[in-house]
Amino acid sequence: MADHQPDLVDDALRTLGASHAELRDAHRRWQARLHARTFPGGERRYRTALGPPESTREQRIGDLTCTALLWPLPLWPDLRFEVLTAPGGGAVWNEWLVRAPGAPAPTLRGVADLTPWSCTVDDAARAFPPATPLPPDAPTRSVLALSTPGTPARTIAHFTWGLLQFVVPRHP
């Protein structure tokens with residue numbers, strides 16, 4: 001997220017009482033774990049790193065049934081880190097930030113409301129249908145083409161880990 005919103009990352013670090021050095025060290029340790037032959041894969045990877053999830057539920061996406069695991073986030077109490085896995089603790093299909101169950105969705109009426117870190121992929125897709133997924137430029141990123149009121153062209157919303165980073169107009 002620091003690629004797109006370094007000032008917001010700085011604010012988040014201050015809120016968490018962490019330094020850039022601690023951020024870099026945490027990232028280094030996570031990458032070392034990910035690439036270690038002995039670190040578990042699939043769902044077990046997240047349970048090992050994050051502890052038990054706050055909740056687990058079965059979720060249908062089209063014809064597929066997956067397991068959704070949710071962890072709370074100290075920085076964003078209205079969001080959860082969600083990991084979607086194949087049934088039975090299998091492969092990880094997706095990992096990103098989602099709205100916490102029961103948390104109110106943000107009010108999104110137009111492009112001006114689409115500010116950095118204001119909404120998740122699902123929030124934007126529900127607020128501005130039809131939302132069309134576009135190819136992302138990295139595995140942790142998502143891109144949606146949105147139909148926003150008052151604009152003749154679609155708006156392209158860019159997300160990292162499911163959280164809005166920036167929008168750009170798309171010319172017809």
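Helices (H or I, at least four residues) and strands (E, at least two) are DSSP runs, numbered from the N terminus.

This is a predicted model, in which local features need pLDDT of at least 70 and side-chain atom pairs count only at pLDDT 80 or more, while totals for chains, interfaces and linings use all residues. Residues are numbered from 1 along each chain as its sequence is written, and side-chain values use heavy atoms, with hydrogens and water left out.

**Around helix α3**

- Leaving aside residues up to four places away in sequence, A49 touches W30 and R33, with contact meaning heavy atoms within 4.5 Å.
- A49 and F39 are 10 residues apart along the chain, and their C-alpha atoms are separated by 9.8 Å.
- Just after α3 comes G51, which takes a positive phi of about 85 degrees.

- Strand β1 (residues 55-61) runs antiparallel to β2, and seven bridges join them; two strands pair if DSSP finds at least two bridges between them.
- Within that pairing, R57 has A68 in β2 as its bridge partner.
- β1 and β2 form a hairpin with two residues between them, and G62 in the turn has a positive phi of about 65 degrees.
- β2 also pairs with β3, again in the antiparallel sense, over six bridges.
- L70 has E82 in β3 as its bridge partner.
- The hairpin joining β2 to β3 goes through six residues.

**P87 in its loop**

- You'll find P87 in the loop between β3 (79-85) and β4 (92-99).
- P87 touches T65, T67 and W93, not counting residues up to four places away in sequence.
- P87 and T67 are 20 residues apart in sequence but 5.9 Å apart in space, C-alpha to C-alpha.

**R141 in β6**

- R141 belongs to strand β6 (residues 141-146) and is buried, with a relative accessible area of 18%.
- The R141 side chain makes a polar contact with the side chain of D3 at 2.8 Å; a polar contact is a pair of N or O atoms within 3.5 Å, where within protein one must be able to donate a hydrogen and the other to accept it, and residues adjacent in sequence count only if both atoms are side-chain atoms.
- Not counting residues up to four places away in sequence, R141 touches D3, H4, P136, F159 and T160.

**The largest pocket**

- The largest pocket holds about 1800 Å³ of space, a volume being the space filled by probe spheres set on grid points joined across faces, edges and corners.
- On a 1 Å grid over the protein atoms alone, a pocket is an open set of points where a 1.4 Å probe fits, with protein on both sides within 12 Å along at least five of seven lines, and lining residues have an atom within 4 Å of a point.
- The largest pocket is lined by 43 residues, of which M1, L23, H27, W30 and W161 lie nearest its centre.
- α2 gives the largest share of that lining, 10 residues.
- α1 (6-16), α2, α3, β4 and β6 each supply at least two residues of the lining.

Terms used:
Buried means under 20% relative accessible area, exposed over 50%, partly exposed in between (1.4 Å probe, protein chains only).
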